Every structure is written in structure tokens, then in C-alpha cells.
Amino acid sequence: MTPAAIEHLRCRLFLFAVLPAMDDLLKASEEARALLGDESFSVAFKTRSGLRGAYFLEGETCRFDWGNAAEKADVELFFHSDAQANSTFEGRKAIPPMPTRGISKIGRVKQFQDIAAVLEDFLQPNGDALRDTDFREAFVKTYFGIMLRSLCQLCEHERVSREIFRSGPHGLAQFQLGRDGVPTWLNLVPRRLDWGRGEPPRTADVTVCFNDPAVALHALHDEMDAQAELGLGTLEINGFPPLAEQVNLLMERIELYLPRGKTPAGI
Amino acid sequence: MELSSGTVSPQERIGASNAQPYAESMALFRRAAQVIPCGIYGHQSPAATLPGASPYYAARAEGCRYWDVDGREYLDFICGYGPIVLGYRHPEVEEVAERQRRDGDTFNHPTARMVELAERLVSLVDFASWAVFGKNGSDVTSWAVRVARESTRRKKILRLSGGYHGIDPWCNHSPAGIIEEDRAHVHTFHWNDLEGFAQLMRRHAGKVACVIVTPYHHPAFGDSILPARGFLKAIEQKCRDEGVVLILDDIRAGFRLHLGGSHRVFGFSPDIICFSKALGNGHPISAALGRKELRVPASRVFLTGSFWNSAVPMAASLKVLDILERDDVPAKLQRSGQRLREGLERLGTEFGKDILGSGPAAVPFYRFNDESNFRQWQRFCAYAMEGEGGVGAFFHPHHNWFLSAAHTDADIDQALEIARVAMQRTLEETI
Ligand SMILES: Cc1ncc(COP(=O)(O)O)c(C=O)c1O
């Protein structure tokens, strides 16, 4: 892959996989909600390379849209290059994007940036935060959402992932924290690639159940001895294990574009 | 319609029906997880079977039965994942092994057993004029590939998609610890896809060192598939035309279908054949045998290991081969495998839940016909392992099973009774 193609893919992941996690953030973080206050606000990003994503923030929700709805956003910002966008999203020094609509509301972009900064901190919690069970669950849910959105992007837009995806196995994988946890599912099926939360559209072909949130955390950070956890029962896989392996294989590719954090020691 | 949400696991069901049936296994595993990556790694990892709903550690075995560390007894249909072809602790084999052990096992030199075993194997395998030995299947499959490269001075290896030939980088299925270059010259084709194979041969014309096949396709997590008429013969012909070495990996099926190699059953002739598993009836040994024309390249490719020439497994193998021949064990395995297959099929019909058997009856793969994700089949196998009155049947949910000569009709019938109860319990969860 050329450096430009890598930047493009990374930009795609920021726009379509990471920033949409603001929805989970607003539900989980008082700090983020306080920054938004009672007002609603929306911002759209556009890149010269043709990527476009819009985020409609209101109360506890951030609705993400990548279609024409972007035109309804209060403010639209244009990036001349994917690299410029990525630097901005990663908080590195970058030329600011150019407002192409909603100049009068441009001040509120700061609010969006502040919430994005909260998201960044939220995704790199310290050990103390992670010892809190509620936070840990919210973190795993948010992080997992980012991973699944990223995975879907890679399966469509990255050659190696596309090949892995195409070669199968295919099917519906379900993930949950605890046997009674709310399922998150991934339909890893060509032309029906999708993910969601809640009951899956049909009985899953494989169910991966983390009986210990700390184990889920280690899994997300790629620091888990899966076979040992399976043997111990802290992780359960029922149904078709090769499908779970396939998901794992694809998740490992995400790291090439969005480096994963490390679990703080002691968790 | 299934009543369960699909998220209730075999572990939960087993846990609900019988408190801690595998407590000792679990206690050992907890210790293992502290000091051994994976706790148990590889094919014997609980992760590959039914974690929490199957035994993890064995204590002893006899014939076609073994006991786990919790004292539970199993009628075994995995046979140590293949090696046990005559039954655990076969008295005649163990007597010979014990005699050799008294004389010594690992020396500065091989013993006469090595020569005797090579002679014996060469006499059994129609195309072979030489034999070498290792410990595990991977030792000889990887070595055979190197011999093919040495012989042809070519790089490419063609292998079956979804086939298993061992743990080495060129052939294992895991991406971990592998660099792209390890597999840069390894290309796959699909079982029974002759056109795909021919295309691959064309694409790499003049560069292919070897084609490695199994006698039939036996993937994990999938039905076994016999070769379509002429498939393997056509591969052989193509290899002959192009000067490519044809390797038969007969590690799984070897000696269970035919004493002279499984190619004899499927009507083709390879250049190298690899054996392991059944050869030693549990004693660690593998072998590669080859054609006269490959003898010189075979002599050049380095091959050794600290324990590879040890005498006890070789002495045991000599006895195993005698018994396999004397008792016509492949025919016996076919008969008991067929009894099991017919029994399971009858059970399926009776309960309106088809059990699909594939592959040879002596090395069969089973699953419920109406599902490909193994969910209910895993429960069935968990219940079979739990068994009745302290005796279970070790039915593997995702791997082919193995029959041994120690399975009597009565053992098969007892296993079928266990299967009946397991079926009832599995179907009680559905309406
Ligand atoms: C067909 C086949 N080839 C090779 C091997 C590798 O043998 P080993 O595990 O003894 O290295 C196996 C093991 O299951 C096998 O089934």
C-alpha cells in the first residue's frame, strides 16, 4: 500500500469508525454531556479524497451519517488532504480545515473538539478508571464498537482484509460481556456485512462471551491468552470457533492503521 | 424451534445438571494457566474441544477406554487423536517395548530395530525403496517437502486448501509468528477441483517442486470428502508429466485403511508417503518412505533429532505392524466403524435429527445434518462425554473420530446407548 493509500484508509477509520463512538461516549460520560450542554450541534467533515461524515450531537446521542445528510450539518469543514485530517484527528499540529458552510457557527467546532478530546482520554483510561466496573463496561462497549466499525471498513476497503473476508468462514458472530450481557453482533457475510447491538437478526453461528470484563479488556488490547481463558471459562466460545478466529484475524489488521492502547498494569 | 436464545452454553447445561464433573481437570488447568502458555496448547487444548464441558487431563487408559483425573471413564473415539490403533496399552506391543526399554532406548547409535523397521515398511509399501524416521508427523512432512525441493531444484509447494500437514510455517494455519516469505512459495488448491489444480500448475509451470495431498480431505470443523473419481490419479499424472514430486500425507489415515498406504484404497501412486500416528500405537514415531529415484536427494537433506533414532518406539512399531497384518485390522476397523455409523444413523432417524457421517467409517467425521455451526452437536457431544453412570463416550464435536481394534461390538453398542441418552437430553432443549 502506498503511504497515501494508508493515510486514506486511516482517515476513513477516523471518520467512520472512531468519531461515531461519540454516541457511546455521550451515553457514558457526564463530562462529554456537560460540554455539549442542552444544545444540539452538528458538524460534517469532507476530504478532497471524497470522504464525508457528519455527526449530529444532541443530549445523549451522536447520530452519525455519511450520506447527503452531511449537508444538513450546522458546520462543514474541508480537509485538503487525508494526512491533514488524520493529524487533526490525532491532535497533532496541522493546518486547520477550511469551513465551507456554517461560518457563523464555527465557534462551536471548539465544543466538538473538546468532546473529541474527552473521547480520546476515554479510550486511553488509566488503571484507576478501569477498576470501576461501570466504566470498564462502557469502555469495552465503546472500544468494541470502534473495532467492529473498523473491521467492516477494512473488509470493504483494504485488500488483505477483503481477501480474508472473502475466503471465509462466513456467518453471524455474537459477542457479549457476561452470559446475560447485551449482545453485540457482526454479520460477517458478503453483501450483508453489518454489525449491531441487541438481539442479532438470527441465532448466531458463534457466540463469544467474556465472563470477566478484565478479560474483554485484555482481548481488545490484544493481550489475552485466549486458549487459557477459554479453558478457565472466563471466555466462552460456543458454536463455530473458526468464525471467532476469523473475526480475531480481521481485528488484528485494524492495529496496522489504528494502534491499540495497552491495558494499564494490574488490570 | 429452539427454545434457548442460543447463548446458553454446553458448560452452563453441564454445570446445571452435574456439579463440577471436571473439577480436578479444572484445578490442574488453573495451575497450568499460570505456567504454560494456553494452559494446554495445540489440538489437545480445551479450546478445540468443549471448554468446561469436557475432560482436560487423562489419568490412565486401557483398550478403548480411558479415565480422566476426576476418575470418570470414557469409551474413546479419538484414540489419542489417531495414534492408538490397537487399543491403549496393547499387551503384545507393550511387552516388546518393555523388553527394548530394559536393553535401552536412546544410545549413541541407532539399534538393529531401525534397520528392521525400514525393511518392514519398505516391504509393505508398493512403490517405496527407502524409509527414514522422525517423531511427529510434521518432522516428516516438512522433510519430504525439502527432499522434493532438493530433487527438483524448484521452490513451489502446492497443497490443499484447508488441509493439515503439521506445525511448520509452510503449512500451519496460524498467522502468528509467520512472515510473508515463509509462505511465499506455497499455493493452495481446492479438494476435488481438478481445473483449479491444473490452473495452478500452469501458472507456476516449471517452478513446482511438489504437490502434497492427503488420501481424502479431512478438515477440522468440516465434513470429510472422498476423492472424486480420477482426482488423485489425475494429480499423479500431472506430476509425472511435469517432473513434480507427489507427496502423500497419510499421517491421519495411514494403517487404518490399508496396510500398504491409503493410496492403495484410492487408486494412485505417490513418490513419498508420510506416516505417523498409528505406526507406533502411541509410541512416538513417524516415517517417510520414498521411491528409488528420490533416494539421493533424500540422502542430502539434513534429518536428525536427539530422540529420533530411539529404539523403543521402533521396536513397538515392528510389533504394531505385525498385529495390524495378522489381525487384518483395517478390515476390523471398517466393520466396527460401520456398526457405529449405522447405529448413529438409526438414532438420528429415530429422533428425527439426522446425524451425518462422512469419510471412511474407520476415521469418520460426524455432525447433525441440519446445522453447520455445531451448536447443538456440541451439546450432544458434551452430554455424551458426561455419559451415564460415570461412563461417557468421548465424541469430539469438531474433529474426525478414530476407531481402534480394541473397540468390540459391545463397546460400540454401549457408546450408542450413551449417544441415545445424549440425544434425548439435547433434544429436550428443543421442541
Ligand atoms: C494429515 C496430517 N498431517 C500431519 C500431521 C502432523 O502430525 P504431528 O501432529 O504428529 O506433527 C497431522 C496431525 O494431526 C495430520 O493429521
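Author: In this predicted model, eight residue pairs are in polar contact across the interface of chain B and chain A, with both partners at pLDDT 80 or more. On the side of chain B that touches chain A, the elements α1 (10–17), α2 (23–35) and α12 (375–386) of chain B each supply at least two residues. The greatest contribution to that side is made by α2(B), with four residues. By residue class, the side of chain B that touches chain A comprises 15 nonpolar, 10 polar and three charged residues.

The contact as a whole draws 28 residues from chain B and 21 residues from chain A. Between them, chain B and chain A bury about 2,000 Å², and 56% of this area lies on carbon and sulfur atoms. Side chains of opposite charge can pair when their charged atoms come close. Between chain B and chain A, however, the count of salt bridges is zero.

Chain B is divided into domain 1, which takes in 23–88 and 329–430, and domain 2, which covers 91–326. Taken over C-alpha atoms, the centres of domain 1 of chain B and domain 2 of chain B are separated by 27 Å. In the contact of these domains, 25 residues of domain 1 of chain B meet 23 residues of domain 2 of chain B. The area buried between domain 1 of chain B and domain 2 of chain B is about 2,000 Å², with 61% of it on carbon and sulfur atoms.

One salt bridge is found across the interface of domain 1 of chain B and domain 2 of chain B. A salt bridge also joins the side chains of B:Arg367 and B:Asp223, at 2.7 Å from N to O. On the side of domain 1 of chain B that touches domain 2 of chain B, the elements giving two or more residues are α11 (329–351), β11 (355–358) and β12 (365–368) of chain B. Of these, α11(B) provides the largest share of that side, three residues. The side of domain 1 of chain B that touches domain 2 of chain B consists of 17 nonpolar residues, seven polar and one charged.

Among the residues around the ligand are B:Asn136, B:Gly137, B:Ser138, B:Tyr164, B:His218, B:Asp249 and B:Lys277. From B:Gly137, a backbone N or O atom lies 2.7 Å from an oxygen atom of the ligand. The side chain of B:Asp249 places an N or O atom 2.5 Å from a nitrogen atom of the ligand. An N or O atom in the side chain of B:Lys277 is 3.0 Å from an oxygen atom of the ligand.

Over all chains, the structure holds 42 salt bridges. One pairing in chain B is that of B:Arg120 and B:Glu325, whose side chains meet in a salt bridge at 2.7 Å, N to O. Because B:Arg120 lies in helix α4 (residues 112–124) of chain B and B:Glu325 in helix α10 (residues 311–326) of chain B, this pair ties together parts that are 205 residues apart in sequence.

Chain A is likewise assigned two parts, domain 1 (3–122) and domain 2 (127–254). The centres of domain 1 of chain A and domain 2 of chain A, taken over C-alpha atoms, lie 26 Å apart. Their contact takes 12 residues from domain 1 of chain A and 13 residues from domain 2 of chain A. Domain 1 of chain A and domain 2 of chain A bury about 1,200 Å² between them, 67% of it on carbon and sulfur atoms. Within domain 1 of chain A, the residues losing the most area to domain 2 of chain A are A:Leu13, A:Asp24 and A:Phe122, together 44% of what that side buries.

The interface of domain 1 of chain A and domain 2 of chain A has one salt bridge. The side chains of A:Arg197 and A:Asp24 meet in a salt bridge at 2.8 Å, N to O. Four residue pairs are in polar contact across the interface of domain 1 of chain A and domain 2 of chain A, both at pLDDT 80 or more.

Technical notes: Residues numbered from 1 in each chain as written. Chains lettered and ligands numbered in written order. Predicted model: local features only at pLDDT ≥ 70, side-chain atom pairs only at ≥ 80, totals over all residues. Heavy atoms only, no water. Domains from an automatic or database assignment. Contact = heavy atoms within 4.5 Å. Buried area = accessible area lost by both parts, 1.4 Å probe. Salt bridge = Lys/Arg side-chain N within 4 Å of Asp/Glu carboxyl O. Nonpolar A, V, L, I, M, F, W, Y, C, P; charged D, E, K, R; others polar. Polar contact = N/O pair within 3.5 Å; in protein donor to acceptor, adjacent residues only side chain to side chain. Near = heavy atom within 4 Å.
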